[in-house]
Structures are given as structure tokens and as C-alpha cells.
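User: I'd like to learn how to read a structure like this one, feature by feature. Could you give me the general idea each time and then the case at hand?

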Amino acid sequence: MIVRSLPSPLIPSTLQSFLIRSQPSHGLRHLHARASAFQPPTPQPTPFVPDASTFLKLIGRNLSQHAGKIPTWQSLFSLTSTQLRELGVEPARTRRYLLWWRDRFRKGIFGVGGDLRNVKDGGAELRVVELPVAKAAIPKSRSTSIAIGLQRTKRMIVNEPPEVIEKSLSLQQLKPVDGMKVVGLRTIVGPYVQPVKGTSGSVATIKVQEGMWEVRRGVKVDGGERRKLQVRRKRLLEERRTTRK
């Protein structure tokens with residue numbers, strides 16, 4: 001006896017797609033849960049940025065007013081955008097700006113002063129040092145000064161105490177400060193730098209200030225890119241009506 005399987009009832013394609021979509025996708029839910037549970041590592045504070053309040057002060061845009069809502073370093077790098085909104089960090093562009101700077105800090109991208117290591121009470125001292133350059137580092141076109149007995153030197157700005165500078169015998173032992181340059185013989189020039197009196201500019205200080213790392217927002221011209229044509233057209237029509245009168 002031959003047993004034949006009964007044909008399955010015909011189901012419309014629209015109903016089939018609805019049934020497929022209504023089935024629970026445990027795999028996708030599991031992946032979403034894993035993605036939500038993933039938390040990027042919290043970076044270590046630096047001497048120039050020792051706590052959350054200093055970080056908010058540096059990046060500007062009045063975020064320092066929310067320092068009481070983000071009291072710890074761990075909360076600064078763990079709060080989500082939704083949690084920041086619940087804490088009252090508004091508007092949305094301010095939260096995006098904070099998360100953007102937070103991600104940059106994780107990657108080791110700082111503003112001016114972020115690489116300073118010797119900081120005390122929010123301030124650091126910068127000095128110009130002049131050390132001899134190794135013969136191998138001098139280009140051949142400039143090696144004539146060595147041949148006649150002149151020693152070539154290089155000036156750089158460092159954030160080291162005098163006793164450390166005296167012990168350093170080569171440039172490789174010192175780390176230059178980013179964002180600063182030497183102008184003239186020994187004058188330190190850079191953003192937020194204040195020269196020390198009596199040093200002719202060879203020694204300067206830099207302190208944490210409000211908005212040192214702030215990336216300022218652009219100014220909208222004629223309503224911005226989306227409304228520029230509309231605003232200019234209304235203005236042109238208004239000028240024509242005025243001239244006709």
C-alpha cells in the first residue's frame with residue numbers, strides 16, 4: 001500500500017511573510033543584548049585632567065554646569081546618552097558633543113596641555129631647552145659647521161623640572177610639548193601660555209581654563225544650509241516690494 005503525503009494548505013504570500021516576521025528571533029536578541037552590555041574601557045585620568053569636573057571645564061559649551069550630575073570619572077565614561085538626558089544634560093547636540101569628546105579622550109586625542117605630565121594645582125611650567133644634536137641626525141648639506149668645529153644644537157619646549165633637564169644628555173630623553181613652538185631665540189609661544197616675568201619668555205606657565213578644548217559651533221548664515229534658499233528668496237521679494245513703493 002502506497003501512502004501519499006497530503007499537500008500542505010496553501011497560505012498567501014502576505015500571510016507567510018507576516019508569520020515569519022512575527023516569529024521570535026532569539027539570535028538577534030542575544031546579539032543585541034551582547035552589544036548593549038559591551039562597555040568600552042574607561043581611560044585613566046591624566047595629570048592635566050585628573051577628574052570629571054576638569055574634563056567638563058576643558059571641553060567647554062557650558063558643560064561645567066553639569067559637573068554635579070557627573071561626579072566621578074567612572075560615571076563620566078559609562079553614562080549613556082539616554083542616562084545623560086534623564087540627568088538633564090540638554091539639548092541633544094550637547095550630549096553628542098560630550099560623547100564625541102569622550103571617545104576622543106579614549107583614543108588619546110587631547111587638546112592643548114593634555115600631554116603634560118608635571119602638573120600641580122591645575123598648572124604646569126614650560127621651559128625651553130637647548131641640547132646638542134647627534135651627528136647622525138644632521139643632514140649632509142649642513143655638516144660643514146661640524147667640520148669647522150661648531151656644535152649644532154636644537155631648541156625644544158619641555159614640561160620637566162630643572163633637575164631632570166640637567167640630567168638629560170640627549171633629545172631622546174626628553175618629550176616635547178605638543179602645540180607649542182619657540183619663536184626667536186628662546187620665547188615660548190602657544191595657546192593659553194603666560195610667560196614668567198624675568199625669564200625673557202624662556203619659561204612660561206599654562207593653567208586649566210574654561211573652554212580650552214572647546215570646538216566652537218559654526219554660525220548659521222541665512223538660516224543654515226537647509227533654509228538658505230528660502231530665507232534669501234523671501235528677503236529678495238521683500239526688497240522688491242519695498243522698492244516698488
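Analyst: Let's start with secondary structure: helices (H or I, at least four residues) and strands (E, at least two) are DSSP runs, numbered from the N terminus. Counted that way, the chain has nine helices and seven strands. This is a predicted model, where local features need pLDDT of at least 70 and side-chain atom pairs count only at pLDDT 80 or more, while totals for chains, interfaces and linings use all residues. Residues are numbered from 1 along each chain as its sequence is written, and side-chain values use heavy atoms, with hydrogens and water left out.

User: What share of the 245 residues counts as buried?

Analyst: First the cut-offs: buried is under 20% relative accessible area, exposed is over 50%, and partly exposed is in between (1.4 Å probe, protein chains only). Here 27% of the 245 residues count as buried. Of the contacts in the chain with a separation of 6 or more, 59% come from residues 24 or more positions apart.

User: How do I read a nonpolar core, and which residues of the largest one touch the most other members?

Analyst: Think of a set of buried Ala, Val, Leu, Ile, Met, Phe, Trp, Tyr and Cys residues joined through side-chain atoms within 4.5 Å. The largest such core here has 34 residues, and F55, I59, L76, L98, L126 and W213 touch the most other members. At least two of its residues come from each of helix 3 (52–59), helix 4 (73–76), helix 6 (92–106), strand 2 (123–132) and strand 7 (203–207). Helix 3 gives the largest share, five residues. Leaving out residues up to four places away in sequence, L98 touches F55, L56, I59, L63, I70, L76 and L84. Apart from this core lies another one, of six residues, including V129, L131, V158 and I165.

User: L98 makes me curious about its helix. Which residues of helix 6 are buried?

Analyst: In helix 6 the buried ones are T94, R95, Y97, L98, W101, R102 and F105. Viewed down the axis, they fall within an arc of 160° (taken from the directions from the helix axis to the C-beta atoms), so they line one face of helix 6. Their cover includes helix 3, helix 4 and helix 5 (81–87). Just past the end of helix 6, G108 has a positive phi of about 80°.

User: How do I check the length of a helix?

Analyst: Take 1.5 Å times one less than its number of residues as the expected span. Helix 6, with 15 residues, reaches 21 Å from its first C-alpha to its last, close to the 21 Å expected. For the 21 residues of helix 9 (residues 224–244) you'd expect 30 Å, and the end C-alpha atoms are 29 Å apart, which agrees. Helix 9 also bends by about 25° at Q230; the bend is the angle between axes fitted to the seven residues ending there and the seven starting there.

User: Is E160 buried or exposed?

Analyst: E160 is buried, because its relative accessible area is 13%. R117 has 47%, so R117 is partly exposed. Another bridge joins R186 and E130 (3.6 Å, N to O). R186 sits in the loop between strand 4 (181–183) and strand 5 (187–189), E130 in strand 2, 56 residues apart.

User: Last one: where is T42, and what does T42 touch?

Analyst: T42 lies in the loop between helix 2 (26–37) and helix 3. Its relative accessibility is 26%, so T42 counts as partly exposed. Not counting residues up to four places away in sequence, T42 touches W73, Q74 and F77.

Methods
Contact means heavy atoms within 4.5 Å. A salt bridge is a side-chain nitrogen of Lys or Arg within 4 Å of a carboxyl oxygen of Asp or Glu.
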